[in-house]
Protein chains: 2
Amino acid sequence: MSTRDYTSMKGLGEFIRTQRELANLSLRQLADLAKVSNPYLSQVERGLYKPSAEVLKQLANALHLSAETFFMQAGLLDDDVYKEASDQVESAIKLDLRLTPDQKDTLIRVYRGFVGDR
Amino acid sequence: MSTRDYTSMKGLGEFIRTQRELANLSLRQLADLAKVSNPYLSQVERGLYKPSAEVLKQLANALHLSAETFFMQAGLLDDDVYKEASDQVESAIKLDLRLTPDQKDTLIRVYRGFVGDR
DNA sequence: AGCAGATGCTTGGTATACTTAGCACCTAGA
DNA sequence: TCTAGGTGCTAAGTATACCAAGCATCTGCT
């Protein structure tokens, strides 16, 4: 297994744009943080270019995500030593010591509602 | 001290050449396996060019080594991922492809509300 | 109205990753 | 001997990742 289901196989560009918008960063802001030009980042997000590994790493740093994550999204680390998304979210929540049991339940319930799981 | 200590601090090219020779492969053989031209591989091994991540991945496969190993050698995966709980939960959410940006936003907002962060 | 600043995008160019053709050297067989 | 095939490397070109300048649109401010 270790399957990567990818029913919603979005491209790397879309992934980056999603992450950028989640972080509430403009194209220019992220481009500056990652030390690339903003037109280039624009083109990358629209899938016109495949960024080099160095750029991927810079983007990962700027977005506070791991480089592994980006490489996986780019299809460069196909070997997913890394967990399935849903299990990942739920176990991360369960492991967070700052959350009370009730809060964990709430979060997980909301999460499951979103992904339509179970 | 990080856990690395690969023989010595040689460049990526030397690393590749060492691995190739350990596998008893000629330049052309490895180049064919990795689907690159042999002059290019020669230049990479001598440090004249930095191969793209795709090429690194192909080389890793051809040499039966992990892509992680190569990325580390290339200095692309230097750091360990920080393991703070909050980062864990938030990045797990961000990584879930089944969630829309709005849903991710909501979840993260709820989460931050619970842990009192920000 | 009009400017000012922010947004993302287009254009045209430069730098560099990568290829094809071929050279020089070596070793093995006929 | 002299091919024949293997080794790694050079040179010159093509493809593409990446950048600088600038455009069009929007929103907010006076």
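A: Start with the contacts of Leu12(B). Leaving aside neighbours within four places in sequence, Leu12(B) touches Pro51(B), Leu56(B), Phe70(B), Gln73(B) and Ala74(B). Contact means heavy atoms within 4.5 Å. This is a predicted model: local features need pLDDT of at least 70, side-chain atom pairs count only at pLDDT 80 or more, and totals for chains, interfaces and linings use all residues. Side-chain values use heavy atoms, without hydrogens and water, residues are numbered from 1 along each chain as its sequence is written, and chains are lettered from A and ligands numbered from 1 in the order in which they are written.

Leu12(B) belongs to helix α1 of chain B, residues 12-22. Helices are DSSP runs (H or I, at least four residues), numbered from the N terminus. Is Leu12(B) buried or exposed? Leu12(B) is buried, with a relative accessible area of 17%. The cut-offs are under 20% relative accessible area for buried, over 50% for exposed, and partly exposed in between (1.4 Å probe, protein chains only).

Sequence distance is another matter. Leu12(B) and Glu45(B) stand 33 residues apart in sequence. In space, their C-alpha atoms are 7.4 Å apart.

Now chain A, for its own buried residues. In α3(A), Leu41(A), Ser42(A), Val44(A) and Glu45(A) are buried. They cover an arc of only 165° around the axis, so they sit on the same side of α3(A). That arc is taken from the directions from the helix axis to the C-beta atoms. The buried residues of α3(A) pack against α1, α2 (27-33) and α4 (53-62) of chain A.

Note on methods:
Helix = DSSP H or I, 4+ residues; strand = E, 2+ residues; numbered from the N terminus.
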